[in-house]
Amino acid sequence: MSARLPVRSLRTRLLVFIGLTLVAVCAAMALTTAFVQRAYLMGELDGRVSDAASRSLGGAALRPEIEDDLGFLNENGHPAGLLAARLDEDGTIVAAEVVGRDAAPKALTAEQTAALAGIATDGSRHTRTVPGLGTYRLAAVESGGVRVLTGLPMNDVQRMTGGLVAAEAAVAAAGLAVAGGVCAVVVRRQLRPLGRVAATAAEVSRAPLDRGEVTGLTRVPARDTDPASEAGQVGAALNRMIDHVESSFTARQHSEERMRRFLSDAGHELRTPLASIAGYAELMSRGPDRIEPGLAWRRVSAESARMTGLVEDLLLLARLDEGGPLHSAEVDMARLVAEAVWDARAAGGTHDWQLELSLDGSPSVLGDEARLHQVVVNLLANARVHTPAGTKVVATVETGNGSGGTGDRSGVAGDRSGVVIRIRDNGPGIPPAFLPTAFERFTRADSSRARSGPHDGGSGLGLAIVAAIVSAHGGRIDVESEPGRTEFTIELPPVDAEPPPVDTLSGPSAPVPARSPRTLAGNR
């Protein structure tokens, strides 16, 4: 198994990649320049070789009968290093000399002459290395039976090409050093925001997210969240993720706090009737002289019913959470609300109960009649229990495009072709701080556990159950409240049906002593 290469940092990889790219570019430019320059110099040298061969052929043609005559090399004007040879009919070199600097031509040795063998007399250029003389560019020509081999040294071409390559290498090395330094500075500066983002992420990763309150997590500075740069995009995304983490943990903590509060309150609510049942049972066990058995049984039954109601509320919410199917049938909401108002009037004769209908279409919906009846009854009971005597409670049913006198304040917008139910009263109203969380589960406006009577408080599930039932029927519920006016608005999708005739019900109630101001602490 081969060893895994160590992972380099992004900065190192960028610098290595940029450096290799620059080296490749410089090398390609240097090689191209050297190749072009050498080709140019070789072309120029080949021209001089051709001129020298023509001049040598002309000199040898003056005495063609002497095959080894190289006397034309003694003439002035020949460059130093010029090499000339005479060939016989077979192409064998019979004489060969080289022009020296300020000296007479010197005959070539046998070894040097052997290096020139095999060159055809067709005028083509050849490159040969002559021992002791260096590299030569050679050409052999023939005219009138006279055959001459001429060559010039390539020292100048090699020297100029080598100098050019050396200069390019030096310039490239200096340029690469400068470019590498500049790139290192630029890369370091450009990656510095990414380093700060990484440092922020590392700091957040060390935060104790598994305990305590998750707030005040470090954020990426605003200068490192510019969406115009990649590092800024990463920083902005990290900030959004941190915000999401904080909000999620905060929501979870709030939910856990409400759950703990609810469990504590539910335990208290169950403990109170259980303590009462245990007390009455103990009194009954001591004999009939301590308490009348009929009274004791009535109190035991009442407390049992109270516990049963709480447990049934919890089970109903659990079933709604699971999304279990509801009984579905066509329900006449006008009739249902009218019956609920009659029942509320019978149960709370100290209030002024009214029913208003504005029916421009069918008041029927498709749903579970028992659950929808529970919604209306809960809201009417809520108004009865938590408003003083003499409060006016109006239940309104609207369909089609009709609108009652309160239609503009319901908070319902858009298409009103469904069935709209409003429960309105002129009681003290709901505390403003409680309105945003009125329909949340385990929520109570009264945070204390003290209860002075059976209607002074509850588990905080009433409005949550109402909202869950309405949502399960594809509707929505809203509430608006201010001192002297509170209105719950329910929207339900319609079912096409002929609306049944329903009369308007109203009737004042007899006054009774006023009750405590309305709160939602006892909603069930």
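A residue counts as buried under 20% relative accessible area, as exposed over 50%, and as partly exposed in between. The structure discussed here is a predicted model.

**Met284 and its surroundings**

Met284 has a relative accessibility of 27% and therefore counts as partly exposed. This methionine belongs to helix H4, which covers residues 230–285. Apart from neighbours within four places in sequence, the contacts of Met284 are Ile291, Ala296 and Trp297. For the pair Met284 and Trp297, the C-alpha to C-alpha distance is 9.2 Å, at a separation of 13 residues in sequence.

**Charged surface patches**

Glu67, Asp68, Glu89 and Asp90 form a negative surface patch. One of these residues, Glu89, is placed in the loop that links strand S1 (83–87) to strand S2 (93–100). Glu89 counts as exposed because its relative accessibility is 70%.

A positive surface patch consists of Arg11, Arg188, Arg189 and Arg192. Its main contributor is helix H3 (residues 155–205), which gives the most to the patch, namely three residues. Arg189 is located in helix H3, and with a relative accessibility of 53% Arg189 counts as exposed.

| Residue | Relative accessibility | Class |
|---|---|---|
| Met284 | Met284: 27% | partly exposed |
| Glu89 | Glu89: 70% | exposed |
| Arg189 | Arg189: 53% | exposed |

Note on methods. Residues numbered from 1 in each chain as written. Predicted model: local features only at pLDDT ≥ 70, side-chain atom pairs only at ≥ 80, totals over all residues. Heavy atoms only, no water. Patch = residues over 30% accessible without salt bridge, like charges linked within 9 Å, V, L, I, M, F, W, Y side chains within 5 Å. Areas by Shrake-Rupley, 256 points an atom, 1.4 Å probe, with all protein chains shown as cover. Salt bridge = Lys/Arg side-chain N within 4 Å of Asp/Glu carboxyl O. Lys, Arg positive; Asp, Glu negative; His and termini not counted. Charge placed at Lys NZ, Arg CZ, Asp CG, Glu CD. Helix = DSSP H or I, 4+ residues; strand = E, 2+ residues; numbered from the N terminus. Buried < 20%, exposed > 50% of the residue type's maximum accessible area, 1.4 Å probe, protein only. Contact = heavy atoms within 4.5 Å.
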